[in-house]
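User: I am new to this structure and would like to learn how to read some of its features. Could we begin with the way helices cross?

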Amino acid sequence: MTTKFDHIKLGRAFRPHVLSELKALPQWPTYMAMKGFNGRSSAITGNDIREACEHMGFDLNAAFVTFFSNPSNVAAIVPVGRGEAKDAIAAERVNDEESDQMDNEKPVTPPPVEAPDNENEGFEGRDAETLIAEALAPASAHMTPHLAQMMPGLIRPFVEAATKGPRTVIKTITLNLDGVDASNAAPSVNVLRKSALFKAFGMNKSDAPAAYRYAFENVFVNVCDYADAPAIDPAYVWNVEALTQLGAADMTGMNAWAFGHAGTGKTEGVRQYAARLGRPFVRIPIDRTTEPQEIIGQEMPRQGAGMEWRDGKLTRAFRIPHCVILIDEPTLLRSGSLAVFQTALDTREIHLPTGEVVKAADGVFIVACDNTAGCGDDSGRYVDTAAVNVAFMDRFAFRVEFSFLPASSEIAMLANHTGIRTECARLMVDYASLTRSNADAGKLTMGLTPRRLLCWAKAVKAGISSAKAFQSCIVAGAAPEDRETILMLEAQSLRSQHATIDGIARGAIDPNAPDAPAQGAVSAAGLKFPDDNDTL
């Protein structure tokens with residue numbers, strides 16, 4: 001009969017040792033009776049021993065390694081000294097000699113091995129070369145000359161690491177009131193009250209358009225006490241329609257997809273939503289290189305030995321009560337990686353490879369922010385965005401559009417964020433509105449975004465002239481195909497106003513004085529444009 005131990009030779013010394021181990025097993029008498037040996041070991045062959053090992057689950061491989069790792073067992077076969085290759089070969093030959101007939105005598109018991117000195121059990125501080133020699137000595141008889149030469153170098157790094165002295169490891173453990181380690185526990189978040197949306201954000205009922213006013217009064221959201229909630233930006237100007245839809249999605253436990261042009265306040269709006277309500281906020285930025293392991297988690301080597309599970313960004317956020325989770329720019333992610341979000345969005349559960357099912361904590365609110373509505377970008381403005389799987393998009397109940405603020409609100413935002421005079425902010429916003437109308441008409445690939453406006457205004461506030469700030473913050477960063485039109489619009493509506501902006505910003509001009517009419521100007525191409533009010 002063929003067994004998995006057929007490759008192991010049962011020599012004169014090893015065979016009695018194995019047989020004695022088998023006889024010590026409680027199932028040995030039953031096996032002997034089954035095979036018809038009737039207690040007689042003299043008729044047992046080497047093949048019978050291998051078959052018995054396999055039948056009774058005895059690991060013959062492990063027994064072989066253990067037996068010949070003991071120097072006294074090797075010496076019992078034939079004396080072996082270091083470098084005595086002839087004796088080593090003789091030892092192999094002795095073990096190879098296998099007879100089918102077992103002796104009737106009692107099995108030979110291996111000589112007792114001296115108990116190790118407890119004081120020398122550790123390796124710290126010991127000489128590495130001595131340890132290498134001691135470790136390889138039991139196997140030296142079975143090594144070829146080449147292997148004997150290579151092995152010390154192969155194991156030296158591990159031996160040197162083992163002989164290093166003790167290290168001091170400091171770990172800070174945070175204990176809760178019960179004295180239990182709370183360093184890995186979810187942060188403490190308490191609901192202070194439920195508040196009507198308009199009250200929670202310090203607004204008036206009349207601030208909402210008629211179509212949203214009822215919801216603005218009757219949507220109630222949780223106000224919490226999370227210590228590490230984002231800082232409130234008092235200068236942030238809310239899009240009331242978008243705020244109402246976010247609040248309704250939060251209250252009903254549904255997901256929201258916020259979309260709109262760059263700089264319209266999507267990401268900051270979700271952050272400020274969490275800030276105003278005192279709730280945790282986790283932003284998960286997405287790009288083409290984002291891998292599922294970053295989102296869900298993966299097993300990582302544990303310090304010392306073994307492996308341990310490390311939560312990804314979404315899994316970690318799912319464990320935090322009342323957390324506002326922002327998935328930022330999901331249309332940049334590859335479709336295969338995007339699929340890891342679907343179950344979490346649909347069932348509010350994450351199934352980990354470890355078998356753990358992480359359920360979303362109470363009050364978790366998920367919002368995705370993107371420059372597109374998930375259907376792709378035909379304008380060419382947002383490179384690398386792609387149309388998203390319909391099944392993925394269907395998991396977002398609310399589609400919240402963030403548009404450019406009304407001119408009056410944008411002027412207030414610009415003045416509040418930068419400290420620039422309102423009159424200067426008005427001239428800048430007027431120019432931005434002109435570029436946006438031209439973008440809508442297809443004459444520009446993109447109008448001026450609020451981020452560019454903020455950059456321009458901050459540069460003027462810092463003391464740079466408006467014309468130079470405009471060149472640096474607006475023209476230099478524009479698409480090549482847009483620059484001529486941007487300069488044309490500047491020549492028509494803004495170039496003569498740069499001096500006015502500088503004067504007002506530096507206190508040299510009375511902002512209440514009437515503005516001088518703009519004169520005809522020359523573009524960068526040297527062409528004269530008429531002074532009219534036509535939109536290009």
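Analyst: A crossing is called left-handed if the near helix is turned anticlockwise from the far one by less than a right angle, and right-handed if clockwise. Please keep in mind that this is a predicted model. Here, the crossing of H1 and H4 is right-handed.

User: Which residues of H1 and H4 make the contact?

Analyst: On the side of H1 they are Phe-14, His-17 and Val-18, while H4 brings Leu-60, Ala-63, Phe-64, Phe-67 and Phe-68. Sorted by class, this contact of H1 with H4 has 7 nonpolar residues and 1 polar residue, with no charged ones.

User: At what angle do H1 and H4 pack, and what is that arrangement called?

Analyst: Helix H1, residues 14-23, packs against helix H4, residues 60-68, at an angle of about 125°, and their axes are 11 Å apart. Angles from 65 to 115 degrees count as roughly perpendicular and those over 145 as roughly antiparallel, and H1 and H4 are therefore oblique to each other.

User: How should I read the backbone angle phi?

Analyst: Most residues other than glycine have a negative phi. In this model, His-322 has a positive phi of about 60° although it is not a glycine, and Arg-348, also not a glycine, has a positive phi of about 60°.

User: Where is His-322 found, and is His-322 buried or exposed?

Analyst: His-322 lies in the loop between helix H14 (313-318) and strand S7 (324-328), and with a relative accessible area of 10% His-322 is buried.

User: And what about Arg-348?

Analyst: Arg-348 sits in the loop between helix H16 (342-347) and strand S8 (349-351). Buried means under 20% relative accessible area, so Arg-348, at 17%, counts as buried.

Definitions and conventions: Residues numbered from 1 in each chain as written. Predicted model: local features only at pLDDT ≥ 70, side-chain atom pairs only at ≥ 80, totals over all residues. Heavy atoms only, no water. Axes fitted to C-alpha atoms, helices over the stretch in contact; angles between N-to-C directions. Helix = DSSP H or I, 4+ residues; strand = E, 2+ residues; numbered from the N terminus. Parallel < 35°, antiparallel > 145°, perpendicular 65-115°, else oblique. Contact = heavy atoms within 4.5 Å. Nonpolar A, V, L, I, M, F, W, Y, C, P; charged D, E, K, R; others polar. Buried < 20%, exposed > 50% of the residue type's maximum accessible area, 1.4 Å probe, protein only.
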